[in-house]
Amino acid sequence: MNSYYYRLTKYRKTKFIVLCILAIVIIDIFILMGNFSSTLYSSESLAPHLATFLAGSSLGHMMQRILIWFLPIFLLIMCADSYIQDYRTGYRYIVATKKGRFSYYKTMLFGNMSFSFLVIVCCLLFNMFITYLVFMNGEFDQGLSPDLFPENPLYILVNSMPTISNVIYIIIFGFFTSLCAGMATVLSWCFPDMKYTYPLSFVIWFSQILGLHHSLALIIQPFNEVNLEDFIFIFFKSTILFLAIITIGFIYKVKSDEV
């Protein structure tokens, strides 16, 4: 796995996408600073736990939409389409012959999933650290409080421990990022052409983001009013879908690929 990580870090496109993701979460902080220095919020500053990237407090949610909606595109460029290059150059024959098909595909799959998880989690934790410094004296809670929805135990729990909740939701988003990377990886195996892999990955991911009450976006954003039943339903619905695609794609590729 270390050798695969080393290979990824040597790609210019990988470095570029990591910097892009980092830039997105930093730009969101500047947008928030501009929003809350305007006349609308001139008398009070935003509470730090609501200033984190996933909390989505910036007007228009532009940075969140860019990263979350187009996440599979970022992941494909960063690492998940590495098989397409191996396919075009014939490098897959060399590695698969040397290591075996199962080991080659397993390393690529888990390498892409874990690398994507680490990049997203590290970038969002960095964003959280900076926002807690910038907005450390902020008290404006946008009207959110644990007793706003007394019938919703999940809402009460999340809002009663905001810092821990931010970290947990970052890990949840990292989990689904890794599943998205795994889904995009196996699609690149089955359709080793960017004109098929990229739109198909985007459509599958976006199908989970769409929807008013059962959108994946509801369970990766803290401090919203989603209830526990909907949270569990959305979590397992999306998890099962991605794991099914990953499992079927992995088994199919290992068994069918002739090298």
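What pLDDT does the chain average, and what share of the residues score at least 70? The chain of this predicted model averages 88, and 93% of the residues reach at least 70.

Now the overall fold. The chain holds 11 helices and zero strands. Read from the N terminus, the order of elements is α-α-α-α-α-α-α-α-α-α-α. The radius of gyration is 20 Å, close to the 18 Å that the globule rule gives for 259 residues, so the chain is as compact as a globular protein of that length. Along the principal axes, the C-alpha atoms fill a box of roughly 65 × 35 × 30 Å. Of the 259 residues, 48% count as buried. Contacts reach across the sequence: among those with a separation of 6 or more, 79% join residues 24 or more positions apart.

Start with H9, which covers residues 162–190.

Move on to H11, residues 228–256. H11 also has 29 residues. From first C-alpha to last it reaches 42 Å, close to the 42 Å expected at 1.5 Å a residue. Its buried residues include Phe-231, Ile-234, Phe-242, Ile-245, Ile-246, Phe-250 and Val-254. Ser-238, Thr-239, Gly-249 and Lys-253 are buried in H11 as well. Which helices do the buried residues of H11 pack against? They pack against helix H5 (82–89), helix H7 (101–134), helix H8 (153–160), H9 and H10. The N-terminal end of H11 is capped by Asn-227. There, a side-chain oxygen of Asn-227 lies 3.3 Å from the backbone nitrogen of Glu-229.

Most residues other than glycine have a negative phi. Phe-223 has a positive one, near 65 degrees, although it is a residue other than glycine. Is Phe-223 buried or exposed? Its relative accessibility is 7%, so Phe-223 counts as buried.

Val-226 lies in the loop between H10 and H11 too. With a relative accessible area of 8%, which is under the 20% cut-off, Val-226 is buried. Leaving out residues up to four places away in sequence, Val-226 touches Asn-152, Leu-154, Leu-218 and Phe-231. Phe-231 is itself among the buried residues of H11. Val-226 and Gly-211 are 15 residues apart in sequence, and their C-alpha atoms are 13 Å apart in space.

The last stop is the loop between helix H2 (12–35) and helix H3 (62–69), where Ser-57 lies. Why does Ser-57 count as buried? Its relative accessible area is 10%, and buried means under 20%. The side chain of Ser-57 has a polar atom 2.5 Å from the backbone oxygen of Leu-50.

Further along the loop between H2 and H3 comes Gly-60. At 43% relative accessibility, Gly-60 counts as partly exposed. Gly-60 and Leu-75 are 15 residues apart in sequence, with their C-alpha atoms 24 Å apart. His-61 also has its place in the loop between H2 and H3. His-61 is not a glycine, yet its phi is positive, at about 50 degrees. Its relative accessibility is 34%, so His-61 counts as partly exposed.

How values were computed:
Residues numbered from 1 in each chain as written. Predicted model: local features only at pLDDT ≥ 70, side-chain atom pairs only at ≥ 80, totals over all residues. Heavy atoms only, no water. Helix = DSSP H or I, 4+ residues; strand = E, 2+ residues; numbered from the N terminus. Buried < 20%, exposed > 50% of the residue type's maximum accessible area, 1.4 Å probe, protein only. Polar contact = N/O pair within 3.5 Å; in protein donor to acceptor, adjacent residues only side chain to side chain. Expected span 1.5 Å × (residues − 1). pLDDT = per-residue confidence, 0-100. Rg over C-alpha atoms; globule rule 2.2 N^0.38 Å. Contact = heavy atoms within 4.5 Å.
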